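Hello,

Here is the structure I promised to pass on. My notes follow below it.

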Amino acid sequence: MAELPGQIRRMSGGISQLIEQIYGFSRRCLFRVISMGPIPSHLAFIMDGNRRYAKKHGLEDGSGHKAGFSALMSMLQYCYELGIKYVTIYAFSIDNFRRQPEEVQSLMDLMLEKIKSLLEKESIVHQYGIRVYFIGNLALLNDQVRAAAEKVMKTTAKNSRVVLLICIAYNSTNEIVQAVKKSCINTSDNMEASGNYKHEDRDSDIEGTDMENQEKRIQLVDIEENMQMSVAPNPDILIRSSGETRLSNFLLWQTGNTQLFSPAALWPEIGLRHLLWAVLNFQRNHSYLEKRKKQL
Amino acid sequence: MLSLLSSESSLSSFLFLFLIPCLFIIGLIKIKAARDDGDNKKRDEGTFVVREEELQRELMPRHVAFILDGNRRWAKRAGLTTQQGHEAGAKRLVEIAELCFELGIHTVSAFVFSTENWRRDKIEVDNLMSLIQHYRKSDIEFFHRSEIRVSVIGNKTKIDESLLQENHEIEEATKGYKNKHLILAVDYSGRFDIMHACKSLVKKSEKGLIREEDVDETLIERELLTNCSDFPSPDLMIRTSGEQRISNFFLWQLAYTELFFSPVLWPDFDKDKLLEALASYQRRERRFGCRV
């Protein structure tokens with residue numbers, strides 16, 4: 001008699017495993033069908049709504065972010081299974097540093113824990129051969145988090161199947177400023193190397209030509225090359241959860257022609273159906289956008 | 001407890017996965033392959049009527065930006081020419097701008113012509129340019145009467161000398177008005193704007209007016225083409241015709257802007273739709289990254 005509850009537990013464990021396997025199989029079949037049409041190559045996520053989720057379910061403050069992390073792992077799995085090569089996530093904004101210090105600290109601790117877990121053997125990084133980039137002003141992070149991030153970037157540098165870009169301590173306007181500064185330094189280096197650059201000749205006639213040359217040298221291409229996000233193409237779809245429809249200083253330069261999608265679900269509630277809906281909408285508009293791109 | 005929750009959600013997703021293919025096969029769900037199917041019924045879905053009294057004056061956005069999309073589709077649907085579609089769009093712009101100013105909005109900006117639009121048919125582009133010119137001339141008294149300041153921003157290199165001259169005249173004539181500002185983005189591209197700001201900063205650093213280390217977000221913002229405005233960053237941006245893209249309109253300036261995508265075509269965007277957009281804006285909680 002005492003064995004019965006144990007047997008029932010094992011059976012129900014077995015049944016739920018079976019259901020998981022059937023579910024995984026049908027999901028992969030569905031992805032095969034969908035990939036008959038065009039698949040976006042780059043998907044970006046703004047993971048909004050963790051704190052509201054915790055409040056809604058009466059959980060303690062940090063649990064919203066933990067639930068958000070599991071939702072993220074599932075979404076990454078679906079994206080890579082579907083064949084999407086680049087995924088970018090907005091993990092932490094420079095504006096978020098202005099939150100309560102306790103919350104910022106707990107977020108930093110959670111991020112450190114999760115970044116370290118990426119290096120483990122069973123992690124999703126090894127499962128899918130993910131190359132990880134950390135994009136943002138990493139100098140603003142504490143030493144431990146920065147060191148962990150750099151270690152992950154170095155360890156995954158050889159992977160090439162799929163790419164995960166984690167935007168941490170990131171602001172699009174900040175990214176643009178850094179890119180501009182870098183372009184200025186690069187061009188003045190080039191000019192010094194070629195011997196044209198003369199600070200003292202301000203009043204001479206050479207100044208006019210120098211300035212023209214300087215202007216011509218800073219082109220769209222320079223700034224784009226020096227952007228941290230230049231390692232990936234522009235996103236095809238940007239999904240922001242929790243129903244807010246704004247960019248919040250995320251990928252402003254890159255999302256000029258990106259499809260924006262804002263489901264009402266909070267981030268921990270995000271699921272396969274939202275991803276499918278976004279991809280199906282992308283497929284619907286794809287032929288028109290390709291025609292326009294050819295015109296450009 | 002958590003495993004129960006996850007197995008419930010996986011069960012529901014599992015059902016969903018089987019239902020959708022079955023429904024496809026039965027033909028109950030059809031995905032539209034072509035964009036211009038003329039699915040007129042869907043245009044007005046999701047709109048509801050808001051009364052002006054329901055809006056709060058103190059919560060009005062200070063700057064509203066519009067992407068005027070849908071003129072050509074509207075013309076096709078109504079059996080008119082593209083040119084007539086653009087004319088209807090231009091009329092609508094003036095009406096909506098007037099409405100916005102009445103409701104207490106200080107700045108209205110509109111994406112009239114994008115740098116990417118040069119790729120369109122030459123005839124259409126020429127017609128658009130002459131339409132813009134026509135409206136400049138005929139509306140100048142209207143702008144003076146209503147005390148609206150007009151600014152035209154964009155890349156001025158490809159535009160006709162005569163149009164540029166008229167734009168300049170209107171800007172000069174109306175620059176004294178402080179309370180209402182209409183910004184027209186003609187031959188504008190968000191990336192061009194940022195590039196242009198960076199180039200002028202480089203020029204300034206060459207002249208020794210600023211140091212390279214001082215270049216930061218505030219400095220770049222001051223060099224953007226929207227520096228003619230007291231409120232360079234829109235609080236609300238409305239794009240019509242159902243497309244959910246920025247299409248290279250303001251990029252830097254939209255960092256914290258609330259976006260509203262309306263399914264109606266621009267010439268059909270009337271007072272009701274505007275009030276609905278404003279009501280949606282007033283309901284939103286703007287956190288700028290920090291408040292809960």
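**Helix pair in chain B**

In this predicted model, helix 4 (residues 82–102) of chain B packs against helix 5 (residues 122–146) of chain B at an angle of about 35 degrees, and their axes lie 10 Å apart. The crossing of these two chain B helices is right-handed. Helix 4 of chain B brings B:Thr82, B:Gln83, B:His86, B:Glu87, B:Ala90, B:Lys91, B:Val94 and B:Glu98 to the contact. Helix 5 of chain B answers with B:Glu124, B:Asn127, B:Leu128, B:Leu131, B:Tyr135, B:Asp139 and B:Phe142. By class, the residues of this contact divide into six nonpolar, four polar and five charged.

**Helix 4 of chain A and its partners**

In chain A, look at helix 4 (residues 101–117). Take its packing with helix 6 (residues 143–155) of chain A to begin with. The angle is about 25 degrees and the axes are 9 Å apart. That makes helix 4 of chain A roughly parallel to helix 6 of chain A. The two cross in a left-handed sense. From helix 4 of chain A come A:Met108, A:Leu112 and A:Ile115. They meet A:Gln144, A:Val145, A:Ala148, A:Ala149 and A:Val152 in helix 6 of chain A. The contact of helix 4 of chain A with helix 6 of chain A holds seven nonpolar residues, one polar and no charged ones.

Now helix 3 (residues 63–82) of chain A. Helix 3 packs with helix 4 of chain A at about 30 degrees, with 10 Å between the axes. Helix 3 and helix 4 of chain A are therefore also described as roughly parallel to each other. Their crossing is right-handed. A:His65, A:Lys66 and A:Phe69 in helix 3 of chain A meet A:Glu103, A:Leu107, A:Leu110 and A:Lys114 in helix 4 of chain A. This contact of helix 3 with helix 4 of chain A has three nonpolar residues, one polar and three charged.

A:Glu103 also takes part in a salt bridge. Which residue is its partner? It is A:Arg51, with the closest N and O atoms 3.2 Å apart. A:Arg51 lies in helix 2 (residues 50–56) of chain A and A:Glu103 in helix 4 of chain A, so the pair ties together parts that are 52 residues apart in sequence. Over all chains, the count comes to 32 salt bridges.

**Between the chains**

How many residues of chain A are in contact with chain B? The number is 61, and they touch 52 residues of chain B. Chain A and chain B bury about 5500 Å² between them. Of that area, 60% is on carbon and sulfur atoms. Four salt bridges are counted between chain A and chain B. A:Glu224 forms a salt bridge with B:Arg191. The closest N and O atoms of A:Glu224 and B:Arg191 are 2.5 Å apart.

Best wishes

Notes
Residues numbered from 1 in each chain as written. Chains lettered and ligands numbered in written order. Predicted model: local features only at pLDDT ≥ 70, side-chain atom pairs only at ≥ 80, totals over all residues. Heavy atoms only, no water. Axes fitted to C-alpha atoms, helices over the stretch in contact; angles between N-to-C directions. Helix = DSSP H or I, 4+ residues; strand = E, 2+ residues; numbered from the N terminus. Parallel < 35°, antiparallel > 145°, perpendicular 65-115°, else oblique. Left-handed = near helix turned anticlockwise from the far one by under 90°. Contact = heavy atoms within 4.5 Å. Nonpolar A, V, L, I, M, F, W, Y, C, P; charged D, E, K, R; others polar. Buried area = accessible area lost by both parts, 1.4 Å probe. Salt bridge = Lys/Arg side-chain N within 4 Å of Asp/Glu carboxyl O.
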